[in-house]
Amino acid sequence: MLISIGKAAIMLGVSVVTMRRWDRSGRLRPATRTCGGHRRYDHLQLLQRVKPKQEHVVLYARVSSADQKTDLIRQASRLESYALQRGINKYEVIQDIGSGINFKKRGLKRLIQLIANGSCTEIIVTYEDRLMRIGSELIKLLCRLRGIKLTILESVNRTREEALTQDVLTIITVYAARIYGARAHHKEVASTS
């Protein structure tokens, strides 16, 4: 399969400028060029050049609120058991407490940083919605682009309508909680004045 210079650069972890320099110097020539002169690289040939990464497996667990901490512990324990069953003895556990639509969670930021840097080889979660309620497709795309395996232990088969309904309910719940929290804070400030 032939791929563009941009995809080849991502695969090798270098810039497009570096790929062009390698072509000019003869270090790495494209397999062919299109009629328009665009470089195309052989995917299998590039795979042979990619340095094997040291295995770095990430187990990611998330719950929505602090009162679900026992579920967080249970998730992490289940992920660790799964990893050990597969013979993975070295792994990093990332745990998050926060809404599935909150992109500012410390653990999620760490996970995205590992994906962006290509610093991990596999991510394991119990359910897809543990990554993000809305936006998990973006995480899955980033993993594909960086060659990171994403393992989801259990899938929930929902119709498109059920998935959409769940997304809308999640958004309403989060924003309702923010409104009620802001009102409670406002009342508290007003009563102390």
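This is a predicted model: local features need pLDDT of at least 70, side-chain atom pairs count only at pLDDT 80 or more; totals for chains, interfaces and linings use all residues.
Figure 1. Helix H2 spans residues 16-25, and its buried residues are Thr18, Met19, Trp22 and Asp23. Seen down the axis of H2, these buried residues fall within an arc of 140 degrees, so they line one face of the helix. In an α-helix there are 3.6 residues a turn, so residues three or four places apart point the same way. Val17, Arg24 and Ser25 are exposed and sit on the face of H2 turned away from its buried side. Just after H2 comes Gly26, whose phi is positive, at about 90 degrees.

**Figure 2. The open sheet of strands E1, E3 and E2.** Three strands make up this open sheet, in the order E1-E3-E2, with antiparallel pairing. E1 and E2 are the edge strands, each pairing on one side only. E1 and E3 run antiparallel and are joined by 3 bridges. Leu2 stands opposite Asp42, a residue of E3. Met1 is placed in the segment before strand E1 (2-4). With a relative accessibility of 66%, Met1 counts as exposed. Beyond its neighbours within four places in sequence, Met1 is in contact with Tyr41, Asp42 and His43. Although Met1 and Tyr41 are 40 residues apart in sequence, their C-alpha atoms are 8.2 Å apart in space.

Figure 3. E4 pairs with strand E5 (residues 91-97) in the parallel sense over 7 bridges. Ala61 has Gln95 as its bridge partner in E5.

**Figure 4. Salt bridges.** The model contains 10 salt bridges. The side chains of Glu122 and Arg86 meet in one of them, at 2.8 Å from N to O. This pair links distant parts of the chain, since Glu122 belongs to strand E6 (residues 122-125) and Arg86 to the loop between H4 and E5, 36 residues apart. Glu122 counts as buried, at 5% relative accessibility, whereas Arg86 is partly exposed, with a relative accessible area of 36%. Within it, the side chains of Arg29 and Asp23 meet at 3.2 Å, N to O. Asp23 counts as buried, with 5% relative accessibility. Another salt bridge joins Arg74 to Asp71, with the closest N and O atoms 3.7 Å apart. Arg74 and Asp71 are 3 residues apart in helix H4 (residues 69-85), a separation of about one helical turn. Arg74 counts as exposed at 53% relative accessibility, while Asp71 is partly exposed at 29%.

**Figure 5. A nonpolar patch on the surface.** The patch is formed by Ile10, Leu138, Leu141 and Leu145, which together have about 330 Å² of accessible area. Helix H6 (residues 136-146) gives the most to this patch, with 3 residues. Leu141 lies in helix H6 and is partly exposed, with a relative accessible area of 37%.

Notes. Residues are numbered from 1 along each chain as its sequence is written. Side-chain values use heavy atoms; hydrogens and water are left out. Buried means under 20% relative accessible area, exposed over 50%, partly exposed in between (1.4 Å probe, protein chains only). Helices (H or I, at least four residues) and strands (E, at least two) are DSSP runs, numbered from the N terminus. The arc is that of the directions from the helix axis to the C-beta atoms. Patches are made of residues with over 30% relative accessible area and no salt bridge: like charges are joined within 9 Å, nonpolar side chains (Val, Leu, Ile, Met, Phe, Trp, Tyr) within 5 Å. Accessible areas come from the Shrake-Rupley method with a 1.4 Å probe; for residues, only the protein chains shown count as cover. A salt bridge is a side-chain nitrogen of Lys or Arg within 4 Å of a carboxyl oxygen of Asp or Glu. Two strands pair if DSSP finds at least two bridges between them. Contact means heavy atoms within 4.5 Å.
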